Amino acid sequence: MSTSVVIAGTGVAPTRADEHRDTMDVMAQACIEATRDAGIQLRDIDAIFTATAQVALPTLALAEYLGITPRYLDSTVHGGASNLSHLQHAVAAINAGQIEVALIAYGSTQRTALKATGTRPMVAAAPPLEAMANPRYPITSYALMASRYLHQWEVPREYLSAVAIAASRWGALNPAAQRRELLSHEEILASPAVAEPFHTLDCCLITDGAGALVVMSQQKAKSLGLAQTVTIAAVADVTEHDGMMAMPDLTSTGARLTGASAFEQAGFGPNEVNTVQIYDAFTINPILILEDLGFCDRGQAGRFIADGHTSPGGKLPMNTSGGGLAYTHPGMFGIYTILESVAQLRGRAGQRQVPAKTALAHGIGGTMSSHSTVLLTV
Amino acid sequence: MNMNKHLRHYLGRAAAGELVFPRCEECAAVFMPPRAACPACGTDALGWTPVGGAQGTIYSISRHSNEGSVALCEFEVLNTGTRFYGQLVGPGNQQAQIGQPVELTLAECTVSGMDAVDQGQLIPSIKLVEN
Ligand SMILES: [Zn+2]
């Protein structure tokens, strides 16, 4: 099974640049690159999907800036899963015959803003009952999941470090990655403590960046003579909570539901997935998500990662770009899970290329609150 | 989430020295945080139940250097699987561990600049119970 809708082009704005950068500029750069990659003109776009914390009414601003007048607008925002959900919405609109060519975009200049003002634009605010407990939102929320996980499964803190170490191994292979040096457990523990058990090197980077996807029907792609397309085999979304008081289980997430749904839609299971890209805002994230998606039994993913199975040369290459921990993290990483999946499936991943016919991307928003799982095939 | 009317009620009662949790009048579910409808049965017929001195245990904890500890706690009175998130106040909070017994209490809010909550206002919090 698949949706007969494809990703036909991708664009990425660089993570690093010396000049002052505006969110609209990095988004436009990624969008223009994506249309060129798909062999279309900007005016061919008739649907726009975007999410960013740094532009008011972003679909309108981006459409005008790109000089286009789309007839389908979607600025769905639920954190880092948003751009994956946009894919689901684009598939539905294309299959319903409402649109032909969708542009999905994300961009942020968190690093520029941090340097200029000392603060960075928040993509979400703590629920009031959490804010009054004086946490380091959202880090504390994920730290609570990590503490519970280590306690519940009686596993060592080294398993959290293993996630950042694996990310650094992939980052070393990606010339676009912000962090290219290899990390060790000792270096992670030597970085400043943030919220126990997390140190700063358990937390994602703060960068600029933007990404864009051009999505259309398989038929349309064929008519344009596009050879290197990636098929969207499944998309599934869920939310089970916003804040931590309502999260049902701190060591099991909504990815249980999105994974099961996505694999059912696609007609294949975890064993047939060649590479996974999981939103790694913090080191605990890929551990919980690998278990919930069915790649590991509960309590086992930390050891799986520490044993090297997700590192270069491992049997389940994960976060091959370096992820949010080593490659880039401009506020929300969701679109990069798709971009890297597409790069791997098209054989365009350079030194970090792995053999892949199927890929899984997983986005997370809020404090493990929204989940979106996407399966892609070639 | 915004500072909605249910949160304002909850915090107003705490500021007056009274600890309450939301309780469903249809199915008797007691849950956190306060909301517009019962998460167990869906009704909007909701009231409040007194929970002063409620006993619980630490489900997870994160210590913040020099800034106190934040804990997520299980309380028997919360009969729907939801938990209480709060600052762990009083002696021993920097050494507290998962599984330790705690009690619901009132403590002064340490955060400034919040909507509808002043610094120093009494808010629901958690303290360790001496064995
Ligand atoms: Zn009820």
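**Exercise 1.** Which residues are the protein donors of the zinc ion?

*Solution.* The model is predicted, with pLDDT of at least 70 needed for local features and 80 or more for side-chain atom pairs, while totals for chains, interfaces and linings use all residues. Residues are numbered from 1 along each chain as its sequence is written, chains are lettered from A and ligands numbered from 1 in the order in which they are written, and side-chain values use heavy atoms, without hydrogens and water.

Step 1. Take as donors the N, O and S atoms within 2.8 Å of the metal (3.2 Å for Na, K and Ca); water is not among the atoms, so sites may look incomplete.

Step 2. The SG atoms of Cys24(B), Cys27(B), Cys38(B) and Cys41(B) lie 2.3 Å from the zinc ion.

Step 3. Along the sequence, these donor residues follow the spacing C-x2-C-x10-C-x2-C.

**Exercise 2.** Determine the geometry of the zinc site.

*Solution.* Step 1. Four donors are tetrahedral if all angles lie between 85 and 135 degrees.

Step 2. The angles among the four donor atoms are 104 to 114°, and the site is tetrahedral.

**Exercise 3.** Which strands of chain A stand at the edges of the sheet?

*Solution.* Step 1. Strands are DSSP runs of E, at least two residues, numbered from the N terminus; two strands pair if DSSP finds at least two bridges between them.

Step 2. The open sheet of nine strands in chain A has mixed pairing and the order S3-S2-S4-S7-S1-S8-S11-S10-S9.

Step 3. S3 (73-74) and S9 (275-278) of chain A are the edge strands, because each has a single partner strand.

Key:
Tetrahedral: all angles 85-135°; square planar, octahedral: opposite > 155°, others 65-115°. Helix = DSSP H or I, 4+ residues; strand = E, 2+ residues; numbered from the N terminus.
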